[in-house]
Amino acid sequence: PPTGGQLTLLFASDSGELSGTAEMAGLVVTAAPSSSPADVAAMAGTASPNGNFVMRGLAPGDYQVLAWDTRETGLLEYAEFRKLFESRAVSVTIRPKGHETVSLTPVPAAEIEAVKARLR
């Protein structure tokens with residue numbers, strides 16, 4: 001294994017929060033930085049039984065937020081896959097120590113499966 005090198009950790013106290021509704025329980029919600037490199041994964045959460053969600057600790061910036069009717073989260077980690085659904089995303093700006101609220105319409109499971117089938 002490689003040894004040496006440098007690791008830089010940055011801690012900030014100005015993170016923000018995103019909350020909202022996602023129409024139904026159990027949906028996966030992703031918030032991905034709008035201008036991030038492809039290898040930066042989205043923050044993900046799950047809507048509660050009443051369809052609400054909260055994401056804490058978001059760095060200030062612009063995000064694309066989506067709700068997904070799926071239990072499979074593997075593909076949601078890939079920016080290239082999420083980009084195929086960007087027309088359905090809600091754009092939101094998280095300000096330092098800010099709180100934003102959104103209402104999401106989920107990407108239907110059938111649409112997710114159709115895109116997955118095309119990618120195979």
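Trainee: Which pattern does the chain follow, read along the sequence?

Mentor: The pattern is β-β-β-β-β-α-β-β-α, with 2 helices and 7 strands in the chain. Helices (H or I, at least four residues) and strands (E, at least two) are DSSP runs numbered from the N terminus. This is a predicted model, in which local features need pLDDT of at least 70 and side-chain atom pairs count only at pLDDT 80 or more, while totals for chains, interfaces and linings use all residues. Residues are numbered from 1 along each chain as its sequence is written, and side-chain values use heavy atoms, with hydrogens and water left out.

Trainee: What does G45 touch, leaving out residues up to four places away in sequence?

Mentor: G45, which lies in strand β3 (residues 43–46), touches L27, V28, V29 and M55 on that count. Contact here means heavy atoms within 4.5 Å. G45 and T30 are 15 residues apart in sequence, with their C-alpha atoms 6.6 Å apart in space.

Trainee: What makes the pair of W68 and F85 edge-to-face?

Mentor: Rings of Phe, Tyr and Trp (its six-membered ring) pair if their centres lie within 6.5 Å; planes under 30 degrees apart count as stacked, over 60 as edge-to-face and the rest as tilted. The centres of W68 and F85 are 5.0 Å apart and the planes stand at 80 degrees, so the pair is edge-to-face. The pair links distant parts of the chain, 17 residues apart: W68 is in strand β5, and F85 is in the loop between α1 and β6 (90–94).

Trainee: How do you know that the buried residues of α2 line one face?

Mentor: In helix α2 (residues 109–119), the buried residues are I112, V115 and K116. Seen down the axis, they fall within an arc of 100 degrees, so they line one face of the helix. The arc is that of the directions from the helix axis to the C-beta atoms. On the other side of α2, A110 and R118 are exposed. The buried residues of α2 pack against β5 (61–68) and α1 (79–83).

Trainee: Why are β4 and β7 placed at the edges of their sheet?

Mentor: The open sheet has 3 strands in the order β4-β1-β7, with mixed pairing. β4 (52–58) and β7 (99–103) each have a single partner strand, so one side of each is left without a neighbour in the sheet. Two strands pair if DSSP finds at least two bridges between them. Strand β1 (residues 16–21) and β4 run antiparallel and are joined by 6 bridges, so they meet that condition. G20 stands opposite F53 in β4.

Trainee: Which residues touch the most other members of the largest nonpolar core?

Mentor: They are L18, V29, F53 and V65, in a core of 16 residues. A nonpolar core is a set of buried Ala, Val, Leu, Ile, Met, Phe, Trp, Tyr and Cys residues joined through side-chain atoms within 4.5 Å. A second, separate core of 10 residues includes L76, A89, V107 and I112.

How values were computed: Buried < 20%, exposed > 50% of the residue type's maximum accessible area, 1.4 Å probe, protein only.
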